[in-house]
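Welcome! Please take a moment to look around the model before reading on.

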Amino acid sequence: MLFLRQVFTIAAKDLRSELRTKEALNASLAFALVILLLFSFAFDANPEMMREISGGLLWLVFAFAGALILNRSFARELVNDCLDALISSPVPGAALFLGKVLANYVLLLGIEVVCLPIFGVFYNVRWAQQPLWLALVLVLATWGVCVVGTIFSALTVNLRLRELMLPMLVYPMLIPCLMAAMMLTTPLLAGQPIQGDMFAWLRLLVGFDIIFTSLAVVLIDTVLIG
């Protein structure tokens with residue numbers, strides 16, 4: 001129970017800090033909306049083409065918008081040496097990491113919830129035909145993005161070019177997660193439920209989340225202190 005309380009305390013601290021300044025939130029939301037708007041003018045897509053690219057387009061926007069949130073995760077602690085204070089506090093590294101993942105997760109899910117109806121309007125896509133399956137894919141894939149992004153945010157926090165290094169390191173690691181999310185989201189947006197071979201992509205998402213969450217929790221002390 002103490003561990004969970006520490007996780008929620010860190011997450012609440014990060015959410016309060018972000019909601020006061022709204023630096024990453026505003027930047028990420030504005031970026032996602034601009035990309036959706038520009039792509040809607042760039043593609044003169046017919047309904048058939050839209051069904052084929054909708055999942056990829058949506059996760060492209062979420063992945064790029066998420067990088068702006070993830071980049072601030074540990075960087076905001078550099079002011080007044082707050083990161084050193086957190087590391088030297090009694091809070092375990094795993095609780096610190098999972099708290100930050102949880103805060104990023106809430107913020108990125110919020111961005112996705114705002115973007116989905118706008119995506120539906122701009123691209124004339126009925127995105128709510130399979131709401132439960134779509135919610136499951138969003139929840140699983142967003143957790144994977146946040147876990148990998150947060151551990152690399154910790155790894156690059158002291159680099160001068162961390163804004164550049166973070167996407168370069170994170171996106172290759174996210175390829176399996178994003179591929180599974182795209183392969184599942186495209187038919188869901190077309191109104192098809194997850195069935196048959198599509199469960200293999202769902203199992204890939206679950207496996208990705210379990211493996212990378214376990215690895216990150218084990219390695220976070222080495223990343224922060226070493």
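A residue is called buried when its relative accessible area is under 20%, exposed when it is over 50%, and partly exposed in between. Keep that cut-off in mind, and keep in mind too that this is a predicted model.

Let us start with Arg 76, which sits in the loop between helix 3 and helix 4. Is this residue buried or exposed? Its relative accessibility is 13%, so Arg 76 counts as buried. Leaving out residues up to four places away in sequence, Arg 76 touches Asp 14, Ser 17 and Glu 18.

With Glu 18, Arg 76 forms a salt bridge whose closest N and O atoms are 2.8 Å apart. Glu 18 belongs to helix 1 (residues 2–21) and Arg 76 to the loop between helix 3 and helix 4 (82–88), so this pair ties together parts that are 58 residues apart in sequence. Glu 18 is buried, and Arg 76 is buried as well.

How many salt bridges does a search of the whole structure find? It finds seven.

| Salt bridge | Closest N and O atoms |
|---|---|
| Arg 76 and Glu 18 | 2.8 Å |
| Glu 23 and Arg 72 | 3.1 Å |
| Glu 77 and Lys 100 | 2.8 Å |

Take the pair of Glu 23 and Arg 72, with closest N and O atoms 3.1 Å apart. This pair links distant parts of the chain, with Glu 23 in helix 2 (residues 23–42) and Arg 72 in helix 3, 49 residues apart. Glu 23 is partly exposed, with a relative accessible area of 44%, and Arg 72 is partly exposed at 27%.

Now turn to Glu 77, whose salt bridge with Lys 100 has its closest N and O atoms 2.8 Å apart. Glu 77 is in the loop between helix 3 and helix 4 and Lys 100 is in helix 5, so the pair ties together parts that are 23 residues apart in sequence. Glu 77 is buried, with a relative accessible area of 5%, and Lys 100 is buried at 0%. Through shared partners, salt bridges join Lys 13, Asp 14, Glu 18, Arg 76, Glu 77 and Lys 100 into one network.

**The nonpolar core**

The largest nonpolar core has 66 residues, and those touching the most other members are Trp 59, Phe 97, Phe 119, Val 137, Leu 174 and Leu 205. Leaving aside neighbours within four places in sequence, Leu 205 is in contact with Val 137, Leu 140, Ala 141, Cys 177, Ala 180 and Leu 184.

The largest pocket holds about 340 Å³ of space. Its lining has 16 residues, and Pro 47, Met 50, Tyr 123, Asn 124 and Val 125 lie nearest the centre. Helix 3 (47–75) and helix 5 (93–123) are the elements that give two or more residues to this lining, and helix 3 supplies the largest share, four residues. By class, the pocket lining has nine nonpolar, five polar and two charged residues.

Helix 3 and helix 7 (162–173) each give two or more residues to the cavity lining, which divides into nine nonpolar, one polar and no charged residues.

Note on methods
Residues are numbered from 1 along each chain as its sequence is written. This is a predicted model: local features need pLDDT of at least 70, side-chain atom pairs count only at pLDDT 80 or more; totals for chains, interfaces and linings use all residues. Side-chain values use heavy atoms; hydrogens and water are left out. A nonpolar core is a set of buried Ala, Val, Leu, Ile, Met, Phe, Trp, Tyr and Cys residues joined through side-chain atoms within 4.5 Å. Buried means under 20% relative accessible area, exposed over 50%, partly exposed in between (1.4 Å probe, protein chains only). Contact means heavy atoms within 4.5 Å. On a 1 Å grid over the protein atoms alone, a cavity is a set of points where a 1.4 Å probe fits but cannot get out, and a pocket is an open set with protein on both sides within 12 Å along at least five of seven lines; lining residues have an atom within 4 Å of a point. Grid points are joined across faces, edges and corners, and a volume is the space filled by probe spheres set on the points. Ala, Val, Leu, Ile, Met, Phe, Trp, Tyr, Cys and Pro count as nonpolar, Asp, Glu, Lys and Arg as charged, and the others, Gly among them, as polar. A salt bridge is a side-chain nitrogen of Lys or Arg within 4 Å of a carboxyl oxygen of Asp or Glu.
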